[in-house]
Amino acid sequence: MDDSKDGGPSAASSTRPYLIRALHEWCTDNGFTPYIAVHVDRTVQVPLEYVSNNEIVLNVGFDATSNLDLGNELIVFKARFGGVAREIQVPVDHVVAIYARENGQGMAFPPPTPEESAAAPRPAAAPRGLRLASDADGEPTKPEASPVMTPPPEDDDPGAGPSGGRPALKRIK
């Protein structure tokens with residue numbers, strides 16, 4: 001018998017979008033800046049020049065975004081990169097972490113499996129000036145520059161991770 005028809009385990013929706021929204025709200029309510037770490041592949045629409053090792057870190061605070069929609073399938077918003085407004089689309093299953101920039105508290109998620117990435121629909125044609133994270137053959141592209149969207153390291157920053165520039169993710173129980 002198919003579990004999805006009788007309300008069994010496969011009928012339940014993913015908890016990931018709900019947890020992302022809850023932690024986003026927690027960050028906002030406490031005056032923290034919510035950041036998401038995203039696994040980038042061909043289904044993610046972000047500026048490739050900011051991608052490093054198939055990952056990008058995005059500030060999803062209300063001050064850094066416009067028209068932010070934390071949906072169940074997609075996170076969609078507009079943000080400025082180097083002064084240029086860009087439309088961002090991130091499948092929720094590609095969010096690998098959400099955390100507060102100031103103290104690193106948040107939650108990590110498993111990256112998408114190759115099957116999930118292959119089955120995900122490709123976003124609609126990108127607006128002018130945006131490129132998808134793959135070339136025409138479906139092979140990932142390698143950006144030449146790879147700046148990270150985290151603030152520069154500060155002396156005595158208690159949230160700084162081992163590299164000094166990016167807060168370490170801390171487990172919340």
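## Basis of the model

Because the structure is predicted, local features need pLDDT of at least 70 and side-chain atom pairs count only at pLDDT 80 or more, while totals for chains, interfaces and linings use all residues. Residues are numbered from 1 along each chain as its sequence is written, and side-chain values use heavy atoms, with hydrogens and water left out.

## Overall fold

The chain contains 2 helices and 8 strands, where helices (H or I, at least four residues) and strands (E, at least two) are DSSP runs numbered from the N terminus. Along the sequence these elements follow the order α-β-β-β-β-β-β-β-α-β.

Of the 173 residues in the chain, 38% are buried; here buried means under 20% relative accessible area, exposed means over 50%, and partly exposed lies in between (1.4 Å probe, protein chains only). The accessible surface of the chain is about 10,100 Å², and carbon and sulfur atoms account for 51% of that surface, with areas taken from the Shrake-Rupley method with a 1.4 Å probe, in which only the protein chains shown count as cover for residues. Among the contacts (heavy atoms within 4.5 Å) with a separation of 6 or more, 60% are between residues 24 or more positions apart.

## Salt bridges

Side chains of opposite charge can pair when their charged atoms come close. The whole structure holds 2 salt bridges, each defined as a side-chain nitrogen of Lys or Arg within 4 Å of a carboxyl oxygen of Asp or Glu.

One of them joins the side chains of arginine 86 and glutamate 49, at 2.9 Å from N to O. This pair links distant parts of the chain, 37 residues apart, since arginine 86 lies in strand 5 (residues 84–91) and glutamate 49 in the loop between strand 1 (34–39) and strand 2 (55–59). Arginine 86 is buried, at 12% relative accessible area, whereas glutamate 49 is partly exposed at 25%. In the salt bridge between glutamate 102 and arginine 101, the closest N and O atoms are 3.4 Å apart; glutamate 102 is partly exposed at 24% relative accessibility, and arginine 101 is partly exposed at 24%.

## Selected residues

Histidine 24 belongs to helix 1 (residues 16–29) and is buried, with a relative accessible area of 4%. Leaving aside neighbours within four places in sequence, histidine 24 has contacts that include Pro34, Val60, Phe62, Leu68 and Ile98.

## The largest pocket

A pocket is an open set of points on a 1 Å grid over the protein atoms alone, where a 1.4 Å probe fits and where protein lies on both sides within 12 Å along at least five of seven lines; lining residues have an atom within 4 Å of a point. The largest pocket has a volume of about 190 Å³, a volume being the space filled by probe spheres set on the points, which are joined across faces, edges and corners.

Its lining includes Ser13, Arg16, Tyr18, Glu73 and Asp93. By class, the lining has 3 nonpolar, 3 polar and 3 charged residues, where Ala, Val, Leu, Ile, Met, Phe, Trp, Tyr, Cys and Pro count as nonpolar, Asp, Glu, Lys and Arg as charged, and the others, Gly among them, as polar.
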